[in-house]
Amino acid sequence: MPTAAGGVTRAGTIVLAFERVTCAFAGKTPGERYTAVADTSLAIGEGEFVSVVGPTGCGKSTLLNVAAGLLAPSSGRALVEGDTLAGINARAGYMFQADALMPWRNALDNVTAGLEFRGVSREAAAARGREWLARVGLAGFEHRYPHQLSGGMRKRVALAQMLILDPQILLMDEPFSALDVQTRQLMENELLELWSSNRKSVLFITHDLEEAIALSDRVVVLSAGPATHPIGEFPIDLPRPRDVAEIRLSPRFVELHEAIWHVLKSEVLKGYAQGKR
Amino acid sequence: MRKASGDSRPGRASLALWHVAILAILFGVWYALTTPGLVDEAYANKIAFFFGRPLQVVKVVIAWFTSGKIYPHLAITLWETLLAFAIGSIFGLAVGLWLALSPTASAIAEPYITALNAMPRVILAPIFAVWFGLGVLSKVALGVTLVFFIVFFNVYQGVKEVSPVVLANARMLGASRKQLLRAIYLPSATSWVFSSLHTSVGMAFVGAVVGEYLGSAKGVGYLILQAEGVFDINTVIAGIVVLTVFALLLDFIVTKIEARLLVWRPRTAETEAL
């Protein structure tokens, strides 16, 4: 079932690709080196939802930062629509794991920040900001500051902040991992709904296999670190539209889960053993 | 922290009562010790020479305000305080931002900043008097040297501690370097400036009064200096009382301004009235 790592993608143009990307960091002592990601190739097609799963601390976020242009790889390159990426990836939106909203701006001003940076007029930006806040279910919360919003609401603001710029590529780094299970499933469904109305290419990082299967068209399994690299790819042929809570009960989901977990399990155990040391 | 078995803290009304009572007791003891008849006259006069007499002090304060003699002096002191605070803050903010964002500049400036900060800056007052004369400017200069470092260190720290995630997020949203300065660094730094508002306003006030005391022709510090010259201890203490009340007033205003400007700051256990 698993295809060769990074080899085949489904039909359609490739929007985002990693070409033999390696990321090494200087260690604590001089001369020491830590290789987070090693020789990774991966391609994401237009409108494709790809999840990357792997044990905690395996360098998933490093991969995402390379795609965002926040981090230059030690060797290899990231390609956006065939062009080598240099500097910030302007065609991508990034949703961070941690809270990334500006605490001194209210919800509306946070959502419109990207428009402001692009020189859109205040009124036009505010109008679109209100529209997007309503779309993520936060109409009436425009003037709340981040600390006055719940964790789930802050994630919604972050989602609107990213989507208002209409990026072609969505990079998401365990965006819902800090939420409770119920809120999380609601947010996952909302994300799928927003995504299906205007299909973007998504690279979704998570350590939660169920989340990955429920959301994605394709799941990529990474090995435990150091020197993380893809060790398996699984197309997810579950029908859409999906309800993330219900789909977990379908027999095909269970089958897929079993197959992927078979590959992932040994890596998780490896990662766990390293964490204990 | 509340105790499980009842709250031992006094309520609002009884707390105010306590505050007034302590003040009354202090005043009473002061009065008793300096009034001939209640203590031996020779002792009373000796104590009054050093500590003044409360009723005389009150009389001086009342005379100041009824005759209007104090207002121009207060106005000068306030003006010096405000100027010192504003100029010191702007310099502190600008230099703090610059050094925090430019590692080379900060590495070069570091020993000088440390030395200037370690120096007891009140000692600069005579030099400022020579440079700027005995007018407002020399007091403002002294206040600026005091305010600058408080604001500078706060801004420097504030910029260094900007959340890297917030920063990365703004970059992903397309902020240029200039926009990052405006949208991230400046608000983050100003929030630190505001949180040091109490200290810096207080320091501006200290600069103004000490400057006046060391040589001036106007201001509350000047009044105190004059009175001290003729051993008029009552007037000295009256000046101190006026300055204290004034400082409390400034602090109160700063608290109000702070609450308005830092609405976005989370407070612990915030509830909303329905």
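Which residue in the turn of the hairpin formed by β4(A) and β5(A) has a positive phi? The residue is Glu81(A), with a phi of about 50°, and two residues lie between the strands of this hairpin. The model is a predicted one, in which local features need pLDDT of at least 70 and side-chain atom pairs count only at pLDDT 80 or more, while totals for chains, interfaces and linings use all residues. Residues are numbered from 1 along each chain as its sequence is written, and chains are lettered from A and ligands numbered from 1 in the order in which they are written.

Strands here are DSSP runs of E with at least two residues, and helices are runs of H or I with at least four, each numbered from the N terminus; two strands pair if DSSP finds at least two bridges between them. By this rule β4 (residues 75-80) of chain A pairs in the antiparallel sense with β5 (residues 83-84) of chain A over two bridges, and Val80(A) stands opposite Asp83(A) there. Val80(A) also stands opposite Leu16(A), and five bridges join β4(A) to the antiparallel strand β1 (residues 14-26) of chain A.

Another part of chain A holds an open sheet of six strands in the order β6-β7-β8-β3-β9-β10, with mixed pairing. Its edge strands, each pairing on one side only, are β6 (92-95) and β10 (230-235) of chain A, and the twist from one strand to the next averages 15°. Within this sheet, β7 (residues 169-173) and β8 (residues 201-206) of chain A run parallel and are joined by five bridges, with Met172(A) having Phe204(A) as its bridge partner in β8(A). Helix α5 (residues 151-163) of chain A packs on the sheet, touching β6 and β7 of chain A, and its direction makes about 170° with that of β6(A); axes are lines fitted to C-alpha atoms, for helices over the stretch in contact, and angles run from 0 to 180 degrees between N-to-C directions.

The domain assignment, which is automatic or taken from a database, divides chain A into domain 1 (1-91 + 171-277) and domain 2 (99-166).

Between the chains, the contact takes 18 residues from chain B and 19 residues from chain A. On the side of chain B, α8(B) gives the largest share, seven residues.

Key: Contact = placed C-beta atoms within 7 Å.
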